[in-house]
Structures are given as structure tokens and as C-alpha cells.
Amino acid sequence: MRIVMLGPPGAGKGTQARLLAQRLGIPQISTGDILREAVRKGTPAGLEARGYMQRGLLVPDELVVRIVNERMAEPDAAKGFILDGFPRTYAQARALEESLAAKGQRLSMVIALDVDEETVVKRISGRLVCRQCGAMFHALYDPPRNDNLCDKCNGSLYQRDDDKEETVRRRLQQYREETRPLMDFYANKALLVRIDGTGAVEEVKERILKALETLDGQNDPA
Ligand code: AMP
């Protein structure tokens, strides 16, 4: 299966993509994670992306498209993948379509997580990420057992620079202007499924699994 997760920052794309990837045995491809890793390592891609990310702006299409194409070409993605945070612009959506078409493939489903902006800001402002394993917690909704330490690996937890309020507002604006129009793009291709992204992680997961049952392999050529 080849799935795209759409939704504003803080909608739960990363969390749900990870759960779904485990369930389906296919990789989660998160452009945000790949870019943050590149920034951490100081690679050329990371150096190019850093300034945009810090300001809450989108990284140029060419760079992100290249990164995704390279990742999709790895053997573990041959049977499918879940794209989390990509595409975010028309140009990226078209580039994705072209790369898949060149391999005789297409998307199986686009899952849009619906969450209102107020909820998103609340979710993001309390978000804590493990420096070591990337696990996510929330100061109020999913607090770690020990203050500022990861339950899974004991790594230290931190707040992403771009999770600060002013940057979150800019990211939301970018979402409204650049990414939300992709809903129509995919609705016109009969690929879009809108899922209520509010409530507990498990509840949202069940809604997504139910939506996937309706697929029946119809949109999923080998
Ligand atoms: P995320 O973790 O998905 O919220 O992404 C964090 C940041 O990485 C975004 O605010 C952008 O600066 C950059 N980024 C991630 N994915 C993309 C993308 N598909 N296109 C452009 N920039 C991206």
C-alpha cells in the first residue's frame, strides 16, 4: 500500500503513520524526520534546509522531492510506504505522481486528519521529543513517567525549535496556503479520505483502520 498522510502540523500524522507502518509492515517516510536528521548531521541537504525549518517555512520543493525519491527507492519501500509530511505543495504532489507513474505505480489512499487549529496549537505547544529515539510525549496529554526523560530509552526530552508558538503560527499559515489545497487535488482523484483526528490516539487509529478496510485492494495495484 502506498499511503499519504495529510493534515496540519500537530494533527497526529507522525503518530498515526508510525502505528500504521508497524501494522502494515511498510516503512514510514517522514520528510520532517529525514530533514531534522540531515540538519543534525550537518549534511549539505541539512545545511540548505536548516534556515527554512527554523523559521517555520517550507523547504524548497527540489530538495524535498529528491530526498523522498531516494528514500522510496530503498528496498524496504518496494512493497509500499506511508508518506508523512509529504507532499506539501502542488509541485511535490505532481512530482510524486510522476515518480510513481514511472514505476507503473500509484497511490492507494490519501488520509487527511481533520483537527481544528486551536487543538493543534495546544497539542504542539506541549509536545516533547526524545533526543535519542524520537519518541513523542505531551506535557499534559501524554506525560513521560520521569520529568524530561524518555519512557522508552531514557534519552532526554526537548521541545523542537519550530514548536514555539510564533513558528507554529507560521507553519499553520504555510499549511493553509500551500498544503490544504491538496485536499481538492486528491479528492478529484477519488483518493481522499477525511478522518476525524480529534480524541485519543487509539480512537483515531481505529478510524483509519476502518477506512483502510474499504480499500479491498481496488486502488492497490502491485
Ligand atoms: P514536520 O516534522 O513534518 O512538521 O516538518 C518540519 C519542517 O520540515 C517543516 O516545517 C518544513 O520546514 C520542513 N518540511 C518537512 N516536510 C516538508 C515538505 N514536504 N516540504 C517542504 N518542507 C518540509
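Why does N148 count as partly exposed? The reason is that N148 has a relative accessibility of 44%, and partly exposed is the class between buried, under 20% relative accessible area, and exposed, over 50% (1.4 Å probe, protein chains only). This is a predicted model, in which local features need pLDDT of at least 70 and side-chain atom pairs count only at pLDDT 80 or more, while totals for chains, interfaces and linings use all residues. Residues are numbered from 1 along each chain as its sequence is written, and side-chain values use heavy atoms, with hydrogens and water left out.

**The whole chain**

- The protein chain has nine helices and eight strands; helices (H or I, at least four residues) and strands (E, at least two) are DSSP runs, numbered from the N terminus.
- The C-alpha trace spans about 50 × 40 × 35 Å along its principal axes.
- Of the 222 residues, 48% count as buried.
- Among contacts with a separation of 6 or more, 69% come from residues 24 or more positions apart; contact means heavy atoms within 4.5 Å.
- The side chains include 34 positive and 33 negative ones, and the centres of the two sets lie 2 Å apart. Lys and Arg count as positive and Asp and Glu as negative, with His and the chain ends not counted. Each charge is placed at NZ of Lys, CZ of Arg, CG of Asp or CD of Glu.

- β5 runs antiparallel to β6 (residues 136-138), with three bridges joining them. Two strands pair if DSSP finds at least two bridges between them.
- β5 is also antiparallel to β7 (residues 157-158), through two bridges.
- V129 stands opposite M136 in β6, and its bridge partner in β7 is Y158.
- The hairpin of β5 and β6 has five residues between the strands, and G134 in this hairpin takes a positive phi near 80°.

**Backbone exceptions**

- Most residues other than glycine have a negative phi, and most peptide bonds are trans.
- N148, in the loop between β6 and β7, has a positive phi near 60°.
- N154 is found in the loop between β6 and β7, and its phi is positive, near 70°. N154 counts as exposed because its relative accessibility is 51%.
- The peptide bond from F86 to P87 is cis, with omega near -5°. P87 sits in the loop between β3 (81-84) and α5 (90-102).
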